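These are my notes from a first pass through a structure that was new to me.

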Amino acid sequence: MLRATTPALEASADTDIALWLEQQTGKSLLRFLTCGSVDDGKSTLIGRLLYDSQLILDDQLASLRNESRNRHVGEEGIDFSLLVDGLTAEREQGITIDVAYRFFSTDKRKFIVADTPGHEQYTRNMATGASNSDLALLLVDARKGLLTQTRRHSFILSLIGVKHIVLVVNKIDLVDYSQEVFETIVSDYRAFAQELGFKTLNAVPVSALRGDNIVTRSERMPWYKGEPLLPYLEAIEVSEDRAVQPLRFPVQWVNRPNLDFRGFSGTVASGVVAVGDEVLVAASRKPAVVRRVVTMDGDLDRAVAGQAVTLVLDREVDISRGDMLAHPGAVPEFSNQFQARLIWMNDEPAYPGRSYLLKIGTQLVPATITGLKFRTNVNTLEKSAAKTLELNEVGTVTVATDKPIAFDPYTENGLTGGFILIDRISNRTLGAGTIDFGLRRAQNLTYQTFDVNRQVRAQMKAQTPRIVWFTGLSGSGKSTIANLIEKRLTAEGRHAYILDGDNVRHGLNKDLGFTDTDRIENIRRVAEVAKLMADAGLIVLVSFISPFRNERRMAREIAGDIDFLEVYVDTPLEVCEARDPKGLYAKARAGQIKNFTGIDSAFEPPERADVVLNGAEHDPVELADELYGRLTG
Amino acid sequence: MGQVTAQPQLSHLRLLESESIEILREVAASFDRPVMMYSIGKDSSVLLHLARKAFYPSKIPFPLLHIDTTWKFREMIAFRDRMAEEYGFDLITHTNPDGLRDNINPFDHGSSRYTDIMKTAALRQALTAGKYDAAIGGARRDEEKSRAKERIFSHRNASHAWDPKNQRPELWRLFNTRLNPGESMRVFPISNWTELDIWTYIYAEDIPIVPLYFARPRPVVERQGTLIMVDDDRLPLAKGETPREEMVRFRTLGCYPLTGAIRSDAATLAEIIMEMQASRTSERQGRLIDSDQAGSMEKKKQEGYF
């Protein structure tokens with residue numbers, strides 16, 4: 001536990017330091033971010049704040065003066081942006097390409113600054129910086145006024161829920177410290193920001209390069225009556241009191257050193273938890289009473305939002321990582337469907353129907369975007385219909401998770417209402433979402449169970465139902481092999497059925513085209529049909545190009561406990577194209593067919609197929625023999 | 001102790017402490033084979049303290065790894081072994097056997113090549129041998145410019161390299177801990193601490209640190225303005241160069257031939273903090289490896305240095 005008061009100290013330095021330390025620990029913390037367009041001077045502004053609060057040390061200053069030669073410098077002979085533009089690549093390009101964190105403190109407050117880029121393609125980094133900030137400095141170049149970037153960033157700030165904005169009108173020296181220019185920009189911005197729901201909006205005219213209105217009021221702008229930037233940042237009250245919100249305790253790690261101790265470690269996301277409190281597990285609604293709040297510094301009576309502790313309960317309850325504890329009467333939502341706003345952060349677009357991993361709090365579940373309601377133009381805030389979300393686009397979506405999760409609407413609780421989506425193959429973080437509300441539809445839809453089940457039907461047929469999923473390029477030999485297999489199975493009295501890509505597209509999927517979005521939906525439907533057929537007791541042979549790893553994985557997951565065999569008919573493109581049984585390659589090469597796999601649409605070969613058949617070296621009969629052996633062996 | 005403070009607002013240090021504990025627990029819960037880098041310095045001491053807090057009453061559920069270049073200060077090694085015994089953590093040490101065989105040292109091979117072989121390559125060897133999927137380190141964002149942009153969970157490809165342009169965005173406190181086979185994660189739980197936070201916390205929590213941080217008369221030689229301590233007889237002395245006793249201490253600890261001492265009278269924690277408040281140079285200045293070439297830390301990190 002932190003020492004709050006002075007133990008017996010001998011040296012006078014210790015007494016001084018004790019007083020000083022008390023002052024240090026009493027300081028509050030402000031996390032803010034800087035955003036704005038390229039060349040608005042963000043890095044210079046942060047460098048200036050560090051310099052003016054005397055945080056630049058002698059050796060840094062010396063090397064800075066050295067590096068500042070031939071650059072745009074202020075009266076001190078220093079290019080302040082060099083202080084913060086860390087990576088070699090961005091120094092060469094002259095732009096900040098990533099979010100960087102800076103630390104400084106004054107006598108009154110400690111500051112953590114997220115320096116975020118203005119360049120359009122890196123908007124995702126701004127959202128990242130905003131997600132951990134209470135306040136934003138929005139920079140505007142006095143010569144240029146409001147730009148598309150200014151609007152975009154304001155919208156993202158509002159989306160992520162940053163409530164306090166300081167509009168920093170920079171480079172005011174370059175417009176002769178004009179009051180008129182400043183006031184026009186401010187009134188334009190106020191008009192634009194009206195709908196964005198900010199709690200406070202203040203504007204300051206500054207020159208970061210010259211230090212006007214940063215720490216002290218500038219004599220060159222007697223018309224400005226407000227506070228300079230730094231004093232304003234020291235004084236503004238931004239802390240929403242997380243302790244008065246309902247208790248949310250996400251279980252992070254089960255603490256089990258021996259058989260006598262079983263605790264649940266986690267950080268209180270909101271509210272207060274005290275010894276003697278009754279708590280409920282959000283998922284199971286099982287109750288228990290808190291017996292101890294354990295820390296290495298001794299047991300506590302209670303823990304408040306922000307504290308990392310370990311809870312011991314009075315009874316054995318099945319709780320693991322991902323569970324959330326709450327007080328009865330103030331439980332979070334618990335559902336497998338919700339509506340959310342999604343910021344897409346990846347080069348490959350977001351596809352409705354594709355399966356992703358969703359992380360929210362300590363919960364990690366497979367999830368699908370079930371619908372894209374509309375896309376919001378981040379420059380005009382206009383809404384429009386869309387089939388996919390591209391990099392840096394924002395959409396309103398419905399999401400279904402494979403199992404229900406505990407959450408709160410983001411506006412009520414930022415830590416239990418924000419989530420990220422992760423790619424299941426590359427593991428990249430693809431997007432970030434904020435939950436609007438839960439959808440209750442799913443809760444009213446239950447599965448009917450019948451007395452005659454798959455086992456009974458399978459026994460009637462004396463066979464093991466399974467799905468054999470063929471993947472490979474067009475012309476690779478999938479359907480030929482599947483056909484041979486079906487004939488042999490039938491000859492032996494087994495009951496099999498082929499689902500063929502071309503045939504299904506004439507009927508069930510005739511509404512689908514060949515865009516990536518439609519291909520994903522195509523596979524999803526076929527996977528569901530295959531599952532129903534296998535459930536009916538059949539051996540299902542699926543012959544689909546199925547070019548994407550993600551969707552083949554989805555098909556396997558949809559199959560659930562049904563035996564699933566992924567067969568990759570590995571025939572090289574040149575061979576398939578030379579065969580060209582349907583003349584499709586020729587048409588694709590001639591540009592008459594778009595999105596043709598292997599030509600202008602990707603085929604992702606399986607990394608771990610159950611069976612790989614070499615279609616170039618062996619003829620279909622040999623391959624069918626080989627596969628038949630696997631099926632019956 | 002035991003009473004929680006009445007006001008719900010947590011102090012800055014408390015918030016940093018909780019954040020770090022949460023990160024450490026996330027590592028233990030999400031990875032199969034985590035390991036914690038133990039460099040024996042003050043940041044490592046804070047990290048060790050936080051790890052003990054994070055899992056209490058359980059023991060730290062992963063081993064600590066020390067890359068021993070054989071050129072560390074003797075007091076560091078003694079301190080390391082004492083800590084391991086006192087707190088009962090699982091300590092693994094590794095020295096690059098190739099470097100040992102070829103007698104790689106900072107004098108004959110230069111600081112850059114020496115660091116590459118005895119630290120960077122050694123670390124890669126140890127991480128590969130242990131099949132560790134997460135390595136926890138004590139780096140702070142305020143230490144050096146390229147570190148300011150590093151993630152808390154920093155993804156490394158199968159050859160342990162960092163790609164600053166392909167970092168995963170980190171939103172809220174949601175850390176993407178997913179890996180493909182062969183990949184690994186470097187995790188920095190004290191990313192948001194400053195040097196002053198570290199010292200204040202060491203003081204407030206009474207955390208043991210290596211005595212080299214405190215000023216004491218020590219044998220030193222001065223080379224190009226840097227004070228090098230003569231820790232043993234392996235340091236080659238130039239003609240006419242004789243070690244002299246000076247009241248010095250260290251702001252960072254590493255390999256003794258590459259670590260500059262500062263003249264100081266600060267013999268207690270309080271005096272160190274006071275001196276630091278008045279000081280006008282940054283802490284990495286005493287490290288010789290950073291100034292070999294421009295952008296050198298970023299380059300080292302891309303190659304796998306911590």
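Entry one, a strand in chain B. I began with β8(B), which 2 bridges join to strand β10 (residues 260-263) of chain B, the two running antiparallel. Helices (H or I, at least four residues) and strands (E, at least two) are DSSP runs, numbered from the N terminus. I count two strands as paired if DSSP finds at least two bridges between them.

The model is predicted, so I noted its limits: local features need pLDDT of at least 70, side-chain atom pairs count only at pLDDT 80 or more, and totals for chains, interfaces and linings use all residues; side-chain values use heavy atoms, with hydrogens and water left out. Residues are numbered from 1 along each chain as its sequence is written, while chains are lettered from A and ligands numbered from 1 in the order in which they are written.

Which residue is the bridge partner of L227(B) in β10(B)? I found A261(B). I then looked at strand β7 (residues 216-223) of chain B, which is joined to β8(B) by 4 bridges and runs antiparallel to it. V220(B) has M229(B) as its bridge partner in β8(B). β7(B) and β8(B) make a hairpin with 2 residues between them, and Q224(B) in the turn has a positive phi of about 45°.

I checked whether the faces of β8 (residues 226-229) of chain B are covered, and both are. T226(B) and I228(B) are buried on one side, L227(B) and M229(B) on the other. Buried here means under 20% relative accessible area, exposed over 50%, and partly exposed in between (1.4 Å probe, protein chains only).

Entry two, an antiparallel sheet. In chain A I traced an open sheet of 7 strands with antiparallel pairing, in the order β7-β15-β11-β12-β14-β9-β8. Its edge strands, each pairing on one side only, are β7 (249-250) and β8 (253-258) of chain A. Helix α1 (residues 12-30) of chain B packs on this sheet and touches β8, β9 (261-267) and β14 (308-313) of chain A. Contact means heavy atoms within 4.5 Å.

Strand β23 (residues 466-471) of chain A is joined to β25 (residues 539-543) of chain A by 5 bridges, and W469(A) has V542(A) as its bridge partner.

How much space lies in the second largest cavity? I noted about 280 Å³. On a 1 Å grid over the protein atoms alone, a cavity is a set of points where a 1.4 Å probe fits but cannot get out, and lining residues have an atom within 4 Å of a point. Grid points are joined across faces, edges and corners, and a volume is the space filled by probe spheres set on the points. Of its 21 lining residues, those closest to the centre include P250(A), G361(A) and E22(B). α10(A) gives the largest share of the lining, 3 residues.

Notes:
Axes fitted to C-alpha atoms, helices over the stretch in contact; angles between N-to-C directions. 1 Å grid on protein atoms, 1.4 Å probe; cavity = no way out; pocket = protein on both sides within 12 Å on 5 of 7 lines; lining within 4 Å.
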